[in-house]
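Q: I have this one open in the viewer and would like to talk through how its pieces pack and pair. Can you take me through it?

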Amino acid sequence: SKEETTLLLENITNDNAKERRDYAMILLAARVGLRSSDIVNLKFSNIDWESSQITLIQQKTNTPVTLTLLKDVGEAIINYIKNGRQKLIPHIFL
């Protein structure tokens, strides 16, 4: 539910790389509507920062979609990239 999601997000402290990753992933699911399979396969090339859009082919349906990258979701991804990731690979989430 919306209340459960809000409570979950409020209890992630963003104190370490794992929490920053989890927070960004949960926001992508809760606020953008991405499935877990699409989140784990998300690549830097799927995000157009200039137009605030995420473009990908959904894993489950093989359907191309373009979604709005909400400001708070983008900020969470950037926070994880800058303060959590240790490797540079095409996928955003390790």
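A: One definition to begin with: angles under 35 degrees count as roughly parallel, over 145 as roughly antiparallel, 65 to 115 as roughly perpendicular and the rest as oblique. Please keep in mind that this is a predicted model, in which local features need pLDDT of at least 70 and side-chain atom pairs count only at pLDDT 80 or more, while totals for chains, interfaces and linings use all residues. Residues are numbered from 1 along each chain as its sequence is written, and side-chain values use heavy atoms, with hydrogens and water left out.

Q: OK, at what angle do helix 1 and helix 2 pack?

A: Helix 1 (residues 2–10) and helix 2 (residues 17–32) pack at about 160 degrees, their axes being 10 Å apart, and therefore they are roughly antiparallel to each other. Axes here are lines fitted to C-alpha atoms, for helices over the stretch in contact, with angles from 0 to 180 degrees between N-to-C directions; helices (H or I, at least four residues) and strands (E, at least two) are DSSP runs numbered from the N terminus.

Q: And which residues make that contact?

A: T5, L8 and L9 of helix 1 meet Y23, I26, L27 and A30 of helix 2, where contact means heavy atoms within 4.5 Å. By class, these residues are 6 nonpolar, 1 polar and no charged, with Ala, Val, Leu, Ile, Met, Phe, Trp, Tyr, Cys and Pro counted as nonpolar, Asp, Glu, Lys and Arg as charged, and the others, Gly among them, as polar.

Q: How do helix 2 and helix 4 cross?

A: Their axes come within 9 Å and cross at roughly 155 degrees, which makes helix 2 roughly antiparallel to helix 4. The contact of helix 2 with helix 4 has 10 nonpolar, 2 polar and 4 charged residues; among them are R20, R21 and R31 in helix 2 and D72 in helix 4.

Q: Switching topic, what about the sheet?

A: The 3 strands form an open, antiparallel sheet in the order 1-2-3, and two strands pair if DSSP finds at least two bridges between them. Strand 1 (47–48) and strand 3 (64–68) are the edge strands, each pairing on one side only. Strand 1 is joined to strand 2 (residues 53–57) by 2 bridges, and D48 stands opposite Q53.

Q: How many bridges between strand 2 and strand 3?

A: There are 5, in the antiparallel sense, and L56 has V65 as its bridge partner in strand 3. These two strands form a hairpin with 6 residues between them, and N62 in the turn has a positive phi of about 60 degrees.

Q: Last one: which residues form an aromatic pair?

A: Y80 and F93 do, stacked at 5.5 Å centre to centre with 20 degrees between the planes. Rings of Phe, Tyr and Trp (its six-membered ring) pair if their centres lie within 6.5 Å, and planes under 30 degrees apart count as stacked, over 60 as edge-to-face and the rest as tilted. Y80 lies in helix 4 (residues 71–83) and F93 in the segment after helix 4, 13 residues apart.
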